[in-house]
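Please look through the model below before reading on. The notes that follow are meant for someone meeting this structure for the first time.

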Amino acid sequence: MGEGRGRTERWRAAGAAVLRVVVVWAVSSLTLLALAGILPDFQLQSDDGDSVTRTAVTAAWGAGAFGLLSALVWPLVVRALLLVPALVLGLLAFFLNGSLLLLALRLIPDGRGAADPQTAVVVAAVMSAVASATSTGLAVRDDNAYRRRLSRLAVRRRRRGGEECAQGPGTVFLQLDGVGHRALIDAVEAGLMPTVAGWSATSHRLTPWRTDWSSQTGASQLGILHGSNHDVPAFRWYEKDTGRVMVSNRPASAAELQRRAIERTGDGGLLTLDGASRGNLFSGGADQLALVLSMAARRGPRNRSRAGYFAYFSDPANTVRTAGSLVTEVCREIGESTRARARGDRPRVGRGGLYPFIRAFATVVERDVVVAAVLGDMLAGRTAVYADLVAYDEVAHHSGPHSRDAARVLRRLDRSIALVAKAAEHAPRPYRIVLLSDHGQSPGETFAGQYGLTLKDLVRAGCGLPVPRRAGRTRSGAEARDAAREALRGALHRPERDAEGESDSDPVVLASGNLGLVSFPDVPHRMSRQEIDARHPALLDTLAGHPGIGFLLVRDEEHGSVVLGPGGEAVPVADLADEEGPLKVFGRGAADAVRRTDGFPHVADVMVNSMYDPATGTVHAFEEQIGSHGGLGGEQSQPFLLAPRALRPAPDGLTGAEQVHRVLRGWLREDAGPQVPVAEGALDGGAVARADVVAVGAEDHRPGAGAEGESPVPGRAVPDNDG
């Protein structure tokens with residue numbers, strides 16, 4: 001089996017090499033034809049003229065002869081002229097190139113090629129530049145060629161550095177954002193991820209884990225990298241004490257969340273020991289940062305989160321390759337969304353406007369930049385690297401987690417993983433590569449698509465507030481408004497003291513996937529069930545009784561907090577169980593997850609989780625997403641760890657990002673010793689150590705850093721076989 005696979009790979013490599021030669025030859029021939037038409041003293045035809053076919057054959061002869069002579073003669077000439085000064089050698093190069101072209105033209109049958117010596121120099125220079133650019137562009141897509149380049153760079157770096165890197169293996173953590181445990185298994189079984197399949201069968205161990213209630217990157221990655229995601233109730237939430245909305249993927253919010261986590265744990269993070277953080281929301285305490293959102297709000301040229309992009313695109317080969325893939329991805333998305341609309345696929349969300357470019361940025365640009373940064377870290381011999389690849393998560397939101405679009409992204413992610421594995425072969429130290437995800441995704445029609453109104457519309461109707469006409473005309477909206485009118489009519493006959501709680505202040509309604517949060521900003525504390533009933537008698541019943549909602553969490557003056565389910569069911573949080581009650585369908589760990597969130601200082605007045613159908617695995621997102629995560633229900637709460645078998649096995653029943661942090665930290669300590677504690681003053685600005693933003697090819701600005709501080713990888717665009 002192994003020999004057959006190796007033979008196949010050799011034939012494939014040979015075929016790719018032949019194809020490159022043919023393409024370069026064809027491009028050179030076309031260039032020769034173009035120059036013959038432009039330059040008056042250069043011809044490829046006889047004096048009597050030739051047919052188009054004959055002229056094309058002549059150009060092919062000339063291009064082939066020039067290429068062959070260049071390949072045979074130039075190595076000998078360079079060796080003979082090693083002692084010649086560089087400036088003189090540069091001038092000689094033009095003369096020799098022109099001479100080779102004149103010789104190539106003489107080799108054309110019937111003497112159809114002719115050029116003046118001066119023109120020959122110009123033609124030869126253009127031909128060489130075009131052939132070099134074409135060959136380089138094709139080699140960018142060739143993994144084997146890139147492996148050879150990595151090997152040369154690794155050897156060069158070790159010779160230049162003079163010192164060996166730290167003993168023991170390094171660890172690379174690759175986060176496949178949004179790829180759930182089930183999605184990974186399905187992709188392996190479908191043959192979409194051969195690299196992952198090979199690891200699963202031989203060297204790695206697959207372990208599922210369960211997220212907290214807030215199953216989204218902000219909560220999970222904060223817990224994984226910094227050891228605490230306390231008081232992160234959702235992707236976005238309203239904080240009454242500050243009057244601001246926190247959003248996990250905003251730089252200012254990410255910086256504040258990182259500061260709070262460091263303050264709570266007293267520790268810098270997972271990556272404080274010679275670590276690198278690439279493409280993440282948070283730094284993890286790493287000194288080497290690129291595209292880290294929590295650092296984007298910091299001022300100063302050395303702390304710009306975009307530095308990784310500048311370093312990557314400074315290489316023209318990267319720019320050309322990634323730009324081409326970007327355009328291809330935009331066209332692919334437009335074509336896929338058009339076909340989905342023509343087929344009448346359901347569920348479906350809008351994918352127009354800027355979305356094709358947003359998708360292309362996530363699936364091409366960010367992937368290429370992050371993978372190139374990881375390769376640089378490995379060749380630099382860094383101890384711990386954590387990188388986030390967001391491509392699947394972005395596509396699954398709009399196309400569905402089990403769609404053909406998402407499957408194609410998984411195939412390309414596997415190629416990125418294979419490239420990282422190949423780079424490990426040339427690194428100055430052995431590397432252990434750990435794959436993991438921060439959450440999964442659950443499919444399903446959006447709440448608005450299923451019921452004709454948004455969660456905000458439903459909340460406003462339950463509060464007796466105006467709602468858009470489109471929502472009022474829907475069945476759900478009409479029922480909610482009728483219930484609200486009935487309840488409010490009853491409220492008019494209550495004692496005056498009961499009506500004093502009524503306010504004109506609108507509730508703040510936020511969505512995080514299939515998790516909704518309702519807050520009343522004019523009340524400084526977390527409102528109780530009784531206070532909400534006094535102000536809006538129909539609200540809680542309207543929400544809990546809606547078929548698209550699974551359960552509510554609200555504070556109760558008698559029982560502490562209660563979970564409200566359909567049919568008036570109310571269970572104190574202290575008595576919640578996974579096996580019965582409103583949380584039964586949500587599976588193991590749901591009760592503990594709700595209890596933990598209930599203790600957060602910034603939990604909303606009303607926490608709303610959508611329904612979940614265990615038979616189909618579907619939920620209803622309160623956002624425009626047909627693949628969603630953020631709450632409880634289905635695959636979104638079931639990510640994975642895929643780690644080398646040489647590492648200590650993760651415990652069974654792994655629950656919560658904070659437990660995952662402890663497992664990863666234990667793996668780092670197995671060979672690297674204890675992590676560095678948080679430095680004094682590190683809480684200021686959310687940084688653990690000085691945040692030198694270093695990316696692929698970027699210079700390390702640490703004092704005294706020389707060759708050992710460089711990140712020697714060239715920029716690298718990950719090959720896309722399918723475009």
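1. The secondary structure of the protein comprises 23 helices and 22 strands, where helices (H or I, at least four residues) and strands (E, at least two) are DSSP runs numbered from the N terminus. The model is a predicted one, in which local features need pLDDT of at least 70 and side-chain atom pairs count only at pLDDT 80 or more, while totals for chains, interfaces and linings use all residues. Residues are numbered from 1 along each chain as its sequence is written, and side-chain values use heavy atoms, with hydrogens and water left out.

2. Of the 723 residues in the protein, 54% are buried (buried means under 20% relative accessible area, exposed over 50%, and partly exposed in between, with a 1.4 Å probe and protein chains only). Among contacts with a separation of 6 or more, 73% join residues 24 or more positions apart, a contact being heavy atoms within 4.5 Å.

3. The largest nonpolar core holds 59 residues, and those touching the most other members are Phe173, Trp213, Tyr386, Val594, Leu641, Leu664 and Trp667; such a core is a set of buried Ala, Val, Leu, Ile, Met, Phe, Trp, Tyr and Cys residues joined through side-chain atoms within 4.5 Å. Helix H23 (residues 657-672) gives the most to this core, with six residues. Apart from it lies another core, of 46 residues, among them Val172, Leu192, Ala396 and Ala424.

4. Because Phe586 lies in the loop between strand E16 (570-572) and helix H22 (590-598), and Tyr612 in strand E18 (residues 612-613), the pair ties together parts that are 26 residues apart in sequence. Phe586 is buried, with a relative accessible area of 5%, and Tyr612 also counts as buried, at 17%.

5. What is the relative accessible area of Phe357? The value is 49%, so Phe357 is partly exposed, and this residue lies in helix H12 (residues 355-379).
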